2 protein chains.
Amino acid sequence: MHLLIPFSVCLVLAATAVGQKPHPCESPPLMVGRASVIYPKREALVYERVTYDALGKRIRLRAQGVEHNQSFYEDVLMLFREGVVYQISYKNQTCTKKPMDMPFQPIEIPQDATLQSQIILGSSSGPGQGLLVNNWMGEFPGQKVKYYMMFTEFGCIPVSTLYTSHEAGLILLSFFDIVIGIEDPQDFIPPDFCETRRVDNELVVTDFFEALKKN
Amino acid sequence: MHLLIPFSVCLVLAATAVGQKPHPCESPPLMVGRASVIYPKREALVYERVTYDALGKRIRLRAQGVEHNQSFYEDVLMLFREGVVYQISYKNQTCTKKPMDMPFQPIEIPQDATLQSQIILGSSSGPGQGLLVNNWMGEFPGQKVKYYMMFTEFGCIPVSTLYTSHEAGLILLSFFDIVIGIEDPQDFIPPDFCETRRVDNELVVTDFFEALKKN
């Protein structure tokens, strides 16, 4: 019994030590926030208002941006469980429902990612002056896409992700103004004028940029 | 007298309202931290350990990086009041003292900068999950260099600065792990083996990248 006490103390110490090393984490399942996407190969710069529900596998994006010198505004609702995407225009009271063949990708650090560094953005010298973040890197298997991800240590909030691949070049995705929770659950309900439209089976959406395309 | 009370209340409210808009600020005069520089035109990627003293106009940089596929390590002490830069090698016990014709540029937001946006990196939903920062932009007069600066709202700590000009292309300077104060005041004192070296009057250092160059 006496031997057990130091042993259990060692176990606790070991657990604390292991606990200090950051581990891949999954972001909160319900979030709203803003994102910017810089995609040089498509000459695209996009600002998005994002509503994210990993429980219901639903994303609402209100995106405005520039691609090849053409500005655009798109409002899309992606329902991954149903496999459909709605392209909504309140101004024109129009709505296009398209099939979507794209797996829901939760905002998370892949389990096989490598911790590059833990840094403080700003300073740890005063309250409100700094943010402790972890930098991760890795490669998506089979796709030859390398990623560099920055997430907060506390709360596992995404800050930025850089994707690089031979095919697509660089894509820089930055998040900010994140709030945990859903401000308006109606963001995930298609407006009334969507209901009667048929699914156009010819055009299957397979990536985020396609989802933002009218044609 | 009775009229004065609402008037003074109005003044206080007005002062509060004005106080809420971020203003250009100067960073703490004494800081240590790390910085990274990405300079695509020179194919340069540099990591630096920085000791910064705006009171004494002194900077110590320990830089390691890659330029045109060649890796380098440099340790330089820049004394702007004396107008000299020391290039130090403890390993070889060598030290080169060069004249420097470069004004000391404190870390600050220029007074004529324009506030682009105030954002939260990460989230404001939980403690330690977010960082309130201000984004500024402007142009250095005469030099046609545009800048985009991110500083923390509290403490005026630099986070990143992007410089763009037709001549130099893009330069991205990022700061992290900033601590207010000077960890080691000896960082600003040239080592003993520097004292006897003469100033080479031929080579005048005029920018930071030159200061990092041996030849």
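Across the interface of chain A and chain B, the rule finds 0 salt bridges. A salt bridge here is a side-chain nitrogen of Lys or Arg within 4 Å of a carboxyl oxygen of Asp or Glu. This is a predicted model, in which local features need pLDDT of at least 70 and side-chain atom pairs count only at pLDDT 80 or more, while totals for chains, interfaces and linings use all residues. Residues are numbered from 1 along each chain as its sequence is written, chains are lettered from A and ligands numbered from 1 in the order in which they are written, and side-chain values use heavy atoms, with hydrogens and water left out.

Let me stay with the interface for a while. Contact, meaning heavy atoms within 4.5 Å, takes in 22 residues from chain A and 22 residues from chain B. Chain A and chain B bury about 1800 Å² between them, 59% of it on carbon and sulfur atoms. Buried area is the accessible area, taken with a 1.4 Å probe, that two parts lose on being put together, summed over both. In chain A, the residues that lose the most area to chain B are A:Gly122, A:Gln129 and A:Leu131, together 24% of what that side buries.

On the side of chain A that touches chain B, β7 (114-122), β8 (130-140) and β11 (169-180) each supply at least two residues. Strands are DSSP runs of E, at least two residues, numbered from the N terminus. The largest share, 5 residues, comes from β11(A).

Now the symmetry. Chain A can be laid on chain B with an RMSD of 0.0 Å by a turn of 180° and a shift of 0.0 Å along the axis. That is the relation of a two-fold axis. The superposition is by least squares on the C-alpha atoms of residues with pLDDT of at least 70 in both copies. Which residue of chain A comes closest to the rotation axis? A:Leu131 does, with its C-alpha at 2.9 Å.

In chain B, the side chains of B:Arg34 and B:Asp177 meet in one, at 3.5 Å from N to O. B:Arg34 lies in strand β1 (residues 30-39) and B:Asp177 in strand β11 (residues 169-180), so the pair ties together parts that are 143 residues apart in sequence.

A second pair is B:Asp75 and B:Arg60, whose closest N and O atoms are 2.7 Å apart. B:Asp75 is in strand β4 (residues 70-79) and B:Arg60 in strand β3, 15 residues apart. Are these two buried or exposed? B:Asp75 counts as buried at 3% relative accessibility, and B:Arg60 counts as buried at 1%. Buried means under 20% relative accessible area, exposed over 50%, and partly exposed in between, with a 1.4 Å probe and protein chains only.

Last, chain A. A:Arg60, A:Arg62, A:Asp75 and A:Asp187 are linked in a network of salt bridges.

Notes. Helix = DSSP H or I, 4+ residues; strand = E, 2+ residues; numbered from the N terminus.
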